[in-house]
Amino acid sequence: MRLFFTSCLLICIFISTNAQTSVTVKVLDSLGLPVTRATVSLYKADSKIIMKNSISDSSGNAVFSNLITGEYYATANATGFQAETSPVFSTDSILQKIELKRIVKELSGVTVMAVKALIEANEDKIIYNVENDASLQGRSAAEALAKVPFVSVDGNGGVYLKGQTSFQILLNGKQTSMFASNVGDVLKSFPANTISKIEVISNPSAKYEGEGLTGLINIITRKKVAGYNGHTAFNYNTIGQVNPNASFNVKYSKLGITSFFYYARNLGYDTHGEQTYTALSHSAAFARRQFTDTGRHAGYNAGGNLELAYDIDSLQTVSVYGRMTNGGSEPGQSNTIISYDNAGNILQQTLFDTRTDIDSPGGEVGMDYLRKMRKPGHSVSLNINRQFNKTTGTVKSDQYNSSDDDRFLRNHIRAKNIQTSAQADYTLQLDSRSKLETGLRGIFRNVNSRYNSQVKSSPADDYTLDPANSNELKYTQSVAGLYGVYTYSVKEKRLTIKAGGRLEKTMVNGHFISSGTEVDQDYFSFLPSLSLNKTLKNGKRLSLAWNRRIARPGLGYLNPFRDNRDPLFISYGNEKLKPEYANNIDASVASFSKKFTYSLAINTSFVRSGIQRFMVFDESTGVSEQTYGNIGLTNLVGLTGYLAFNPSEKLSMTFTGNLNRIMIKNKLVADERRNGWYGSANASFSYTLSKKMDLFSNINYSTPPVQLQGQNGANLFYNMGAAYWLYNRKLMFNVALLNVFNKYWQTDNVFETAGFRQESTTWRPVRAFAVGVRFSFGKLKENTSRKKGVVVDDGKVGD
């Protein structure tokens with residue numbers, strides 16, 4: 001398979017570099033300097049009908065290929081210049097020059113005839129042009145996402161697309177390790193003023209990676225032209241969250257440098273909780289367990305990336321990039337657990353303390369090559385990416401029991417994940433209405449996870465190894481795939497039809513050394529897609545789409561390590577999990593204008609053999625075990641709406657909401673099923689009070705998706721603040737109040753099976769006062785990044 005993939009890459013390279021006979025027309029001004037982006041038209045010597053058009057590059061060159069032997073002439077036209085015509089020349093000519101004279105006029109004023117819309121649609125994408133939203137200057141990517149159609153962001157930085165979390169966040173078309181974990185911290189650190197636009201692709205075509213059941217969110221950074229710019233910022237709130245970040249970009253001649261660095265530290269806050277675990281059978285080992293806990297949460301997340309982009313010539317660009325990340329958490333929790341019998345008598349009282357210390361360093365390196373053919377609409381790209389992540393940690397628990405023996409546990413975890421991905425894409429413009437996109441892709445993933453459990457019954461004793469709960473996992477996954485997408489556009493009817501398919505072969509091999517367990521999977525996946533987009537004369541846009549998506553289980557789902565800190569509640573992964581597939585149908589209507597934009601979508605999703613978390617209760621021992629299985633049969637119907645209202649240049653308001661009805665059934669247990677509603681509502685307001693002051697507010701209410709055996713509680717987040725600008729809006733100070741009317745955030749969770757019912761409530765502090773400062777410098781208005789990238793990490797991650 002690797003040999004096949006490598007051969008196909010070499011074929012793409014050969015096609016892209018095959019030289020063709022051509023004639024070059026060089027466009028210069030009166031000083032002999034090249035004129036960029038001039039429109040050059042080619043005619044037969046005896047005709048006035050345009051044969052071909054081309055645009056001059058940064059060297060002033062416009063190239064015409066595949067010409068029939070004969071004589072021709074060319075015309076050139078550019079903004080600010082008079083149009084000129086060349087003498088007649090033959091195909092034997094290698095270079096023909098046209099000199100343009102500047103038009104010099106005294107202007108009495110300038111009138112802007114058109115402004116790029118804040119929100120627009122392009123084929124299967126809805127695009128939010130962040131660079132056109134003045135209210136987002138000095139804000140974060142999280143605040144920008146909160147204003148994007150169909151997207152909502154909660155108070156923790158959690159992101160939802162149509163109320164669901166099963167989607168991918170891409171950066172310049174690529175899933176990166178930056179968003180692999182702690183996505184909330186990264187989005188709060190990522191400055192909105194480095195973002196050009198955010199694309200929402202709720203029904204991706206076969207061109208895009210098949211992962212992400214709900215769709216894709218693609219954050220595209222600005223393209224730089226020349227000069228340099230950067231920013232540095234610092235944010236702090238009274239909950240103890242500290243976040244410095246900085247970026248620097250420079251473009252000189254053909255070389256561009258893009259960099260971004262962030263550090264997010266949680267200095268620590270306490271949470272409080274209560275949990276009741278009720279056995280629904282009178283013959284169970286206990287009738288009820290009552291938990292009361294206090295937790296301490298602290299940790300950090302940091303990272304930095306650097307990219308170098310080089311324009312080889314007007315048609316070829318190569319970029320290399322690297323990223324380093326590190327994160328750590330040091331949570332601790334103290335519990336009091338009381339077990340009761342059916343008469344309400346205390347069976348046992350336990351003092352239970354746990355402490356965790358986890359470190360997760362990682363990074364990635366990659367290279368992208370893009371070549372545009374001389375024939376318009378033709379291009380080839382080659383991309384390679386390598387990611388590496390490591391996790392080391394220790395989990396300790398001390399358990400003092402009133403009736404049974406005391407128990408002291410120490411678990412060590414070490415995991416290493418190396419992923420290499422390569423991809424080749426080829427775009428072919430068949431004619432003025434038709435386009436064909438094809439590509440090849442390969443992922444090679446290697447995971448090694450080692451864990452051991454040590455136990456003792458007295459603080460004075462030495463720890464001894466528990467062989468039953470110690471193992472080493474060696475796991476490889478290889479994915480090879482190809483896709484083809486055909487697009488047919490009828491511009492006069494404003495109609496676009498896109499159809500395609502992606503075929504992937506996945507091979508999995510897992511070996512658990514201590515237990516001698518083997519896992520082998522070898523399967524094909526075919527992921528078709530079809531979409532129709534129609535723009536009416538009144539500007540409304542109608543869309544209808546269907547696709548099939550995949551979610552492969554990640555290591556968090558597969559790792560069979562048994563977390564046995566609480567001997568009566570054990571959780572572990574399932575190494576035999578298979579991927580889940582979703583068939584999605586989406587119909588939407590949207591209208592875009594400068595002052596008023598709305599969109600309304602109805603979507604359905606059908607999942608068979610879906611990955612669901614479930615718990616099993618053993619009445620005789622009182623032990624509950626939690627794991628995952630391909631047991632879900634899910635039907636979902638959702639309604640999503642978006643409204644943006646900008647009555648004036650000073651006031652901007654956006655509203656996003658979604659409501660979903662889900663029906664889940666356990667295909668192995670006919671009586672176990674759950675129906676329920678969930679969704680979210682998000683509102684964002686901004687008002688420019690003066691040239692130096694902005695006011696802003698965000699409100700989010702979200703209910704997590706319903707699961708087979710229950711649902712986590714709803715969250716409410718809101719803030720209100722002001723920003724003050726100095727030095728021509730280069731220096732900004734901002735203050736904000738977060739959840740000013742709620743000191744604590746209460747979350748109520750309920751899970752239930754035929755054997756037990758689990759109810760828990762958690763309180764965490766949310767009322768805070770936040771301050772921040774940001775300084776921007778430089779004269780660059782756009783970003784140097786040319787990176788296209790290739791998706792690497794496609795695993796479904798654990799809850």
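Visitor: How many aromatic pairs does a search of the whole structure find?

Guide: Start with the rule: rings of Phe, Tyr and Trp (its six-membered ring) pair if their centres lie within 6.5 Å; planes under 30 degrees apart count as stacked, over 60 as edge-to-face and the rest as tilted. Here the search finds 18 aromatic pairs. One of them joins Phe260 and Tyr262, a stacked pair at 5.8 Å centre to centre with 25° between the planes. Keep in mind that this is a predicted model, where local features need pLDDT of at least 70, side-chain atom pairs count only at pLDDT 80 or more, and totals for chains, interfaces and linings use all residues. Residues are numbered from 1 along each chain as its sequence is written, and side-chain values use heavy atoms, with hydrogens and water left out.

Visitor: Are Phe260 and Tyr262 buried or exposed?

Guide: Buried means under 20% relative accessible area, exposed over 50%, partly exposed in between (1.4 Å probe, protein chains only). Phe260 has 6% relative accessibility, so Phe260 is buried. Tyr262 is buried too, with a relative accessible area of 6%.

Visitor: Why is the pair of Phe655 and Phe685 edge-to-face?

Guide: Because the planes of Phe655 and Phe685 stand at 80°, with the ring centres 5.6 Å apart. This pair links distant parts of the chain, 30 residues apart: Phe655 is in strand 37 (residues 651-666) and Phe685 in strand 38 (residues 673-688). Strands (E, at least two residues) and helices (H or I, at least four) are DSSP runs, numbered from the N terminus. Phe655 is partly exposed at 32%. Phe685 is partly exposed at 29%.

Visitor: Which residues form one aromatic cluster?

Guide: Tyr277, Phe286, Phe569, Phe617 and Phe756.

Visitor: Where does the charged end of Arg288 sit?

Guide: A charge sits over a ring if NZ of Lys or CZ of Arg is within 6 Å of the ring centre and within 35 degrees of the ring normal. Arg288 has its charged end over the ring of Tyr340, 4.2 Å from the centre. Arg613 lies over the face of Phe751, at 4.4 Å from the ring centre.

Visitor: What does Ser588 touch?

Guide: Contact means heavy atoms within 4.5 Å. Leaving out residues up to four places away in sequence, Ser588 touches Arg541, Leu542, Ser543, Leu600 and Ala601. Ser588 lies in strand 34 (residues 580-591). Ser588 is buried, at 15% relative accessible area.

Visitor: What is the mean pLDDT of the chain?

Guide: pLDDT is the predictor's confidence in each residue, from 0 to 100. The chain has a mean of 83, and 90% of its residues reach 70 or more. Over residues 1-20 pLDDT stays under 50, and the model has 26 contacts beyond four places in sequence for them.
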